[in-house]
Amino acid sequence: MSHPLTDALAARNSANFFDPDLPVDDARIRALIGWATRAPTAFNLQNWRFIAVRTPQGKQRLRELAWNQPKVSDAAVTFIVLGVLPRADSLPERLRPSVEAGFMPPGMVPAWEGAASRLYTDAPRTQRDEAVRSATFGASALMLAGQAEGLSASPMTGFDAPGVAQAFGLRQDEVPVMLVAMGYARAGNWPQKPRRPVSEVLELA
């Protein structure tokens, strides 16, 4: 099967070397995050936030919290991808556009809010799991959107999460899930590394 999306998945790699002299402007960053937020979330909670670190001072501060990895500061922008602990009482606001668009019955909103309340209230592990899931979906969509724009990316979990939370003023309900360095690749990056055979990871039940 050949399709632009599957071709992008086949060609995707994690870049370690970026051209520090090629920037990405703020309008393009906003557009990339617009695509990232098309990713799915439970109950359409959209419980994520993205910090685009693109100034030299900000990138240096983040690099020091990420084991001094050069790609954090060499990339045009390094995103801090945050999952937000889900709150059921945010659903009326998040679902209102769907109701106003006419495809979601108004009576469905309190039903979803009640289900979310039962799932997340007094369940810190479930809340954190949902925050991490949502942020991961958003990060994946962000990287594919960047690839469509001719940019390369590197997802990173090697960083001091409490240090990032303090340095960038994160709220108590925000979980720093990963960094995504993004920019224009320079020479020396590996292609996508070979994957395990499907037969080793798939069970048909």
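What follows is a walk through this structure, from its sheet to its helices and its salt bridges. The model is predicted, so local features are described only where pLDDT is at least 70, side-chain atom pairs count only at pLDDT 80 or more, and totals for chains, interfaces and linings use all residues. Residues are numbered from 1 along each chain as its sequence is written, and side-chain values use heavy atoms, with hydrogens and water left out.

Let us begin with the sheet. Helices (H or I, at least four residues) and strands (E, at least two) are DSSP runs, numbered from the N terminus. Four strands form an open sheet in the order 1-2-4-3, with antiparallel pairing; two strands pair if DSSP finds at least two bridges between them. Strand 1 (48–53) and strand 3 are the edge strands, as each pairs on one side only. Neighbouring strands of this sheet are turned by 25 degrees against each other on average, direction ignored. Strands of a sheet pair through backbone hydrogen bonds, either parallel or antiparallel.

Now look at strand 3 (residues 152–156). Strand 3 pairs with strand 4 (residues 174–183) in the antiparallel sense over five bridges, and proline 155 stands opposite valine 180 in strand 4. Four of the five residues of strand 3 are buried, so this strand is largely enclosed by the rest of the structure. Here buried means under 20% relative accessible area, exposed means over 50%, and partly exposed lies in between (1.4 Å probe, protein chains only).

Which strands does helix 7 lie across? Helix 7 (124–148) lies across strand 1, strand 2, strand 3 and strand 4, running at about 10 degrees to strand 4. Axes are lines fitted to C-alpha atoms, for helices over the stretch in contact, and angles run from 0 to 180 degrees between N-to-C directions. Contact itself means heavy atoms within 4.5 Å.

In helix 5 (residues 91–101), Leu91, Leu95 and Ser98 are buried. Seen down the axis of helix 5, its buried residues fall within an arc of 45 degrees, so they line one face of the helix; the arc is that of the directions from the helix axis to the C-beta atoms. An α-helix has 3.6 residues a turn, so residues three or four places apart point the same way. On the other side of helix 5, Glu93 and Glu100 are exposed. The buried residues of helix 5 pack against helix 6 (108–120).

In helix 6, Val109, Ala116 and Tyr120 are buried. These buried residues fall within an arc of 30 degrees, seen down the axis of helix 6, so they line one face of the helix. Their cover includes helix 5 and helix 7, while Pro110 and Arg118 are exposed on the other side of helix 6.

Finally, find the salt bridges: a side-chain nitrogen of Lys or Arg within 4 Å of a carboxyl oxygen of Asp or Glu. The count comes to ten salt bridges. In one of them, the side chains of arginine 49 and glutamate 174 meet at 2.6 Å, N to O. Arginine 49 lies in strand 1 and glutamate 174 in strand 4, so the pair ties together parts that are 125 residues apart in sequence. Glutamate 174 is buried, with a relative accessible area of 6%, whereas arginine 49 is partly exposed at 30%. Arg49, Arg171, Asp173 and Glu174 are linked in a network of salt bridges.
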